[in-house]
Amino acid sequence: MSNIIRPYGDTTGDGMVQMSFTLPMPHDRRAEGAAAQLAAKMGMDPAMVVHASQMGESHTFFVVYGQVNHLVDVDAVNVVERNYPLLTPKEVNTIVKERLNRSLVIVGACIGTDAHTVGIDAILNIKGFAGEKGLEYYRELEVINLGAQVAVPDLVNRAVDEDADAVLVSQVVTQRDAHLHNTREMSAAFREALPPEKRPLLIIGGPRFDESMADELGVDQIFGRGTTPADVASYITHRIVQRHSEPAATAA
């Protein structure tokens, strides 16, 4: 059975899609023509400008609606699947207490010039996100939230001082790939400061990260949009318990 699909707009399989973008032109008829031309060059035919609004003095935001002929092969789609069980706070606390007999130490921050703490706070703060309590709510997790605009050397030093099991970094600012540069700088700093067996889990989160780039960026895990505190707590618990058990397994 074929698993090829087309976009759905008004009727099944009509190929209709909607996209938005900004052009560095003030809003007038010529700007709308430029937007339609761009959409046509991207394979949208016909392309209709359904919304245009001035942004400042020299930019215009557009929404364009039209038909494309591209197909999607669902069987060829590659995604990063969760390879660990999703745990409740009670299960996390029980596993950490019974398997490690100590608290897990987690240091979180926004690094570089990034001052957007909404993401890191949603995961760490007790108020949490989407109806879930944050990691501060977990009895067996010790959470240190360093806040915004933390320099990478300061983050490394604090993680070393706290003997952190995991470091969580949120990156929202993405201009000129700042999130990628900051992540590579952080992972390099930890590799320089600590041997592999002493290094904490390095976890990155943000809306513009590709979850398949963890190895390329030198981190252990990337979390994207929609991540909840339970996702992060479950991953950390799974990996730290796994790491704790490895020497015993090797000796056997």
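This is a predicted model: local features need pLDDT of at least 70, side-chain atom pairs count only at pLDDT 80 or more; totals for chains, interfaces and linings use all residues.
Two residues are in contact when heavy atoms of one lie within 4.5 Å of heavy atoms of the other. Leaving aside residues up to four places away in sequence, L86 touches E91, A230, D231 and S234.

L86 is located in the loop between strand 5 and helix 2. Its relative accessible area is 44%. L86 and C110 are 24 residues apart along the chain, and their C-alpha atoms are separated by 25 Å.

A pair of aromatic rings is described by the distance of the centres and the angle of the planes. Ring centres must lie within 6.5 Å for a pair to count, and by this rule there are four aromatic pairs. One of them is formed by Y84 and Y235, with 5.5 Å from centre to centre and 65° between the planes. This pair is edge-to-face, because an angle over 60 degrees is given that name. What does the pair tie together?

Are Y84 and Y235 buried or exposed? Buried means under 20% relative accessible area. Y84 has 6% and therefore counts as buried; Y235 has 3% and is buried too. For another pair, take Y137 and Y138: the ring centres are 6.4 Å apart and the planes stand at 85°, so this pair is edge-to-face. Y137 has a relative accessible area of 43% and is partly exposed, whereas Y138, at 2%, is buried. Returning to Y84 and Y235, ring pairs link these two residues and F223 into a cluster.

Which residues make the nonpolar surface patch of about 390 Å²? The patch is made by I5, V72, V74, V77 and V79. V72 has its place in strand 5 (residues 72-73). Residues of a patch need over 30% relative accessible area. V72 has 37% relative accessibility, and so counts as partly exposed.

Definitions and conventions: Residues are numbered from 1 along each chain as its sequence is written. Side-chain values use heavy atoms; hydrogens and water are left out. Patches are made of residues with over 30% relative accessible area and no salt bridge: like charges are joined within 9 Å, nonpolar side chains (Val, Leu, Ile, Met, Phe, Trp, Tyr) within 5 Å. Accessible areas come from the Shrake-Rupley method with a 1.4 Å probe; for residues, only the protein chains shown count as cover. A salt bridge is a side-chain nitrogen of Lys or Arg within 4 Å of a carboxyl oxygen of Asp or Glu. Helices (H or I, at least four residues) and strands (E, at least two) are DSSP runs, numbered from the N terminus. Buried means under 20% relative accessible area, exposed over 50%, partly exposed in between (1.4 Å probe, protein chains only). Rings of Phe, Tyr and Trp (its six-membered ring) pair if their centres lie within 6.5 Å; planes under 30 degrees apart count as stacked, over 60 as edge-to-face and the rest as tilted.
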